[in-house]
Amino acid sequence: MRLLVTGALGHIGSKLIREYAKRQDIELIRIFDNISTQRYCSLFNLPQKRGLRYEFIEAGIDDKKALKRAMQKIDVVIHLAAITDAPSTIATPKLTHKVNFEGTKNVLMAAIDANVKKFLFPSTTSVYGEAEGLVDENSPENMYKPASPYAATKLKAEKFILKTAKAKGFNANVLRMGTIFGTSIGMRFHTAINKFCWLAVMNKPLTVWDSALNSMRPYLGLNDCIRAFYFLEKHGKPGELYNVVTRNYSMKNIIETIKQFVPNVQIQITKSPLLNQKPYEVGNEKIKKIGFEFKDTLSGGIRATLVLMKGVRRF
Ligand SMILES: NC(=O)c1ccc[n+]([C@@H]2O[C@H](COP(=O)([O-])OP(=O)(O)OC[C@H]3O[C@@H](n4cnc5c(N)ncnc54)[C@H](O)[C@@H]3O)[C@@H](O)[C@H]2O)c1
């Protein structure tokens, strides 16, 4: 199997390429990233194995020539490259559209031209936005309230992918993923749980929007995420979209779990809404019905993140 991963140096990609290296059938992992987030460390000490080659292309997904070259003899594409810090995209809607929508279009068209066998695209559960009750893949689109250019461009990109794939008879799946928790060498700390772990270690207060304390949001363990890509490569029905969510948790669940490891963690309650804490609950039955099992736990992910930083104390 010959794999291309765009955005492979990021939080998800840096672990995914290491897990995929364990596969018996893998002979090439081609890494495509513009290093815009400086995660050189994600290329360090890649697991070496007889019969497995890594290749690195330093380029952006706006570069159609580089994409054409990257697709040569590729079986599976996992397109992770994106601008991912949702709150920051409110100030940069044009750039976010250029990368997350136009860039995705470029990657998809290059994959179709190269006769790639499977295309996997991570969207986000934040396309649902703030919602009443439980939402899932069947919820009507007029219920969606994407609250940032990040979420809006992901929604536009997933629609483009599914429509184009259908028209061209191309095998693609969209994964609407919850917010990731869990560690990797290229991990980032903008996301809710990771950021809270960082603040707890640094003995700084966790700022929580009071309305978010008891209401739920969808989260996804990093190992579940990687196993879901692998599972859908094999079992995803062409042209389908799946919610990929380990569980919905409230801020209270997250704080209680951090407290098990950092008992004196400080909490600051705020009345102003925080984008990363807006509540909505997402169902994951569709992917479970075709045989996928979620295995990650919140406490396992939080513990692993805190252990990474156990040698540090704020001075
Ligand atoms: N982490 C999450 O909580 C989460 C949740 C849902 C969906 N996703 C999606 O999964 C994907 C990966 O997320 P992540 O957390 O690993 O992100 P990340 O920000 O850690 O990594 C993104 C990578 O893409 C690269 N990149 C950015 N712009 C690029 C461009 N124009 N051309 C080439 N490379 C570019 C960056 O250098 C970085 O290495 C993203 O598409 C994201 O939207 C992530």
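Begin by selecting strand 1 (residues 2-6) and strand 4, which run parallel and are joined by 4 bridges. Strands here are DSSP runs of E, at least two residues long, and helices are runs of H or I of at least four residues, both numbered from the N terminus. Two strands count as paired if DSSP finds at least two bridges between them. The model is predicted, so local features need pLDDT of at least 70 and side-chain atom pairs count only at pLDDT 80 or more, while totals for chains, interfaces and linings use all residues. Residues are numbered from 1 along each chain as its sequence is written, and side-chain values use heavy atoms, without hydrogens and water.

Within this pair, show Leu 4, which stands opposite Val 77 in strand 4. Then show Thr 6, whose bridge partner in strand 4 is His 79.

Which way do the side chains of strand 4 (residues 76-79) point? Val 76 and Ile 78 point one way, Val 77 and His 79 the other, and all are buried (under 20% relative accessible area, with a 1.4 Å probe and protein chains only). In a regular strand, side chains alternate between the two faces of the sheet.

Next select strand 5 (residues 118-124), which runs parallel to strand 4 and is joined to it by 3 bridges. Val 77 has Phe 119 as its bridge partner in strand 5. Follow the chain from strand 4 through helix 3 (residues 93-113) to strand 5: this β-α-β crossover is right-handed, that is, clockwise from the first strand over the helix to the second when the strands point away from the viewer.

Finally, colour by domain. The domain assignment gives domain 1 (2-180 + 219-247) and domain 2 (189-217 + 249-281 + 296-308). Between them, 26 residues of domain 1 are in contact with 16 residues of domain 2 (heavy atoms within 4.5 Å).

Terms used:
Buried < 20%, exposed > 50% of the residue type's maximum accessible area, 1.4 Å probe, protein only. Domains from an automatic or database assignment.
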